[in-house]
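I opened the notebook to look up a few features of one structure.

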Amino acid sequence: MGGGKFRARSLQHKLDHPESNIVDKLCCFCETKDGTLWLGSNGYGLYQRLVDEKTGKETFQVLTTDDGLANNTVHGIVEDAKGRLWITTANGLSVYDPLARTFINYSEKNGLLCQRFYWNSAVKGTDGTIYLGSMNGLIELVDENKDAIYPVHLTFTRLLVDNQVVTAGNSDVVDADISQAEVIRLHESNKSFGIEFSALTYAGEATGHYSYRLKGFEDEWIQLKPGEHAVRYTSLKPGNYTFEVKYGTEISEDDEEQTISVRIHVAPYFWKSWWFTLLVIAALIVFVVWFYRYKEKEWKRQEAEKLLIPIRKVLEEADEPQQLQSRIQNILDNHEKLKQSYHKSVEADKQEVLRTTKPFMDRAMEIMEQHYTNSEFGVTEFAEAIGMSKPLLSKRLNAEAGVSTGQFIRNYRLTIAKRLLMENVSNRNITEIAYKVGFNDPKYFTRCFTREYGCSPSAYMED
């Protein structure tokens, strides 16, 4: 072979944290069809080399047993025809799907010849056959054995409320076994609940992965780590939810994910229920009517007493009946004129206030129009702009709009975002719209928008 020159770099320390000064030893590498470089570490997991398309900056991301890798000592890496990585380790075989970001692990329990592999023990032949060198012999992967894919029977297996196991016989939380229950009835006083589930497959749960979500609380699917098959929630707010679990594998493209669900109803304390609220409102109306009538009677009595004082004085001083009648009539006439003058003055003052003062909600809307794009504009800034204390502002907004100050600000921004998504004349993406309406976290914007309108921003834009 002819001599040649090439450039080389020495990377001695842990690739994802070089500042740690941890000396890392790389045992193997694989460059996939898309140009991504994968490197196996002797104890620190699987590295993926990432290059920023704009700046060309190089970074490394590491995947370990916390992410689902069978073992952090990687002995070999090879890519199959579907773009998946077959990774031999010091204790087990892992198959990683870079698109789904999921691992499937195999051991001797799954029929693997041996779960301990030699260094550089993964290679692919010219015909696509993958060879893996284990301590007990050579493993040849010719094709997938679809007949060995066992059926999945996904089901709920156990329910815990406040860390106590709940069954249909010992509680009214469920009226049937959790595997068959349609509704879980909780109360706001319950501090936590947990639910366990299983795929009930002879292939073993290591060949698949679970994902879950609690609709009404979170809309995005959350994938569990390998080996985990339980979820726990704490202090759920009153309302109706649907808990969903799905299980799938990456072994075969024909394999479909199974999904199961159960409805969850969280009852509020009685003073938060709708009937108690109506009862309080009715009692308040009765009290206001009674108080108004009482004050009206009190005012009439005081007016009558004020009127009787001069009449008594006239009766005491008058000598002739005709003169007495005339003076009493004058007193009554003057009293009536005084009442009419008072009512005219009050009405004139009301009209003047209406002419010179803007309605509260108009002022609130004008302030939001000026500041909704500013992500730093919050409750404190709103109160200063409108010239009120925060408690008084919250009380006025609750009376006028039925929401707190924070909710009012958030709802205004979401309304603007909804209009921008519907029109989208500037062809903005969701992140740009989130920043435009004052959200500095696009993920938080997505959660707020979904909770308010029942669908994600992307789904709303497509509709």
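The entries below cover a hairpin, a cavity and a surface patch.

Before starting, I noted that this is a predicted model, in which local features need pLDDT of at least 70, side-chain atom pairs count only at pLDDT 80 or more, and totals for chains, interfaces and linings use all residues. Residues are numbered from 1 along each chain as its sequence is written, and side-chain values use heavy atoms, with hydrogens and water left out.

I looked up strand E1 (residues 26-31) and strand E2 (residues 37-41), which run antiparallel and are joined by 5 bridges. Strands are DSSP runs of at least two residues, numbered from the N terminus, and two of them pair if DSSP finds at least two bridges between them. I found leucine 39 in E2 as the bridge partner of phenylalanine 29. The hairpin has 5 residues between E1 and E2, and glycine 35 in the turn has a positive phi of about 90°.

**Surface patch.** I found a nonpolar patch on the surface, with Trp271, Trp274 and Ile285 among its residues and about 1,000 Å² of accessible area together. The areas come from the Shrake-Rupley method with a 1.4 Å probe, and only the protein chains shown count as cover for residues. Isoleucine 285 sits in helix H1 (residues 274-317); a helix is a DSSP run (H or I) of at least four residues.

**Cavity.** I counted 1 cavity of 30 Å³ or more. On a 1 Å grid over the protein atoms alone, a cavity is a set of points where a 1.4 Å probe fits but cannot get out, and lining residues have an atom within 4 Å of a point. Its lining includes His187, Tyr233 and Val266.

Terms used. 1 Å grid on protein atoms, 1.4 Å probe; cavity = no way out; pocket = protein on both sides within 12 Å on 5 of 7 lines; lining within 4 Å. Points joined across faces, edges and corners; volume = space filled by probe spheres on them. Patch = residues over 30% accessible without salt bridge, like charges linked within 9 Å, V, L, I, M, F, W, Y side chains within 5 Å. Salt bridge = Lys/Arg side-chain N within 4 Å of Asp/Glu carboxyl O.
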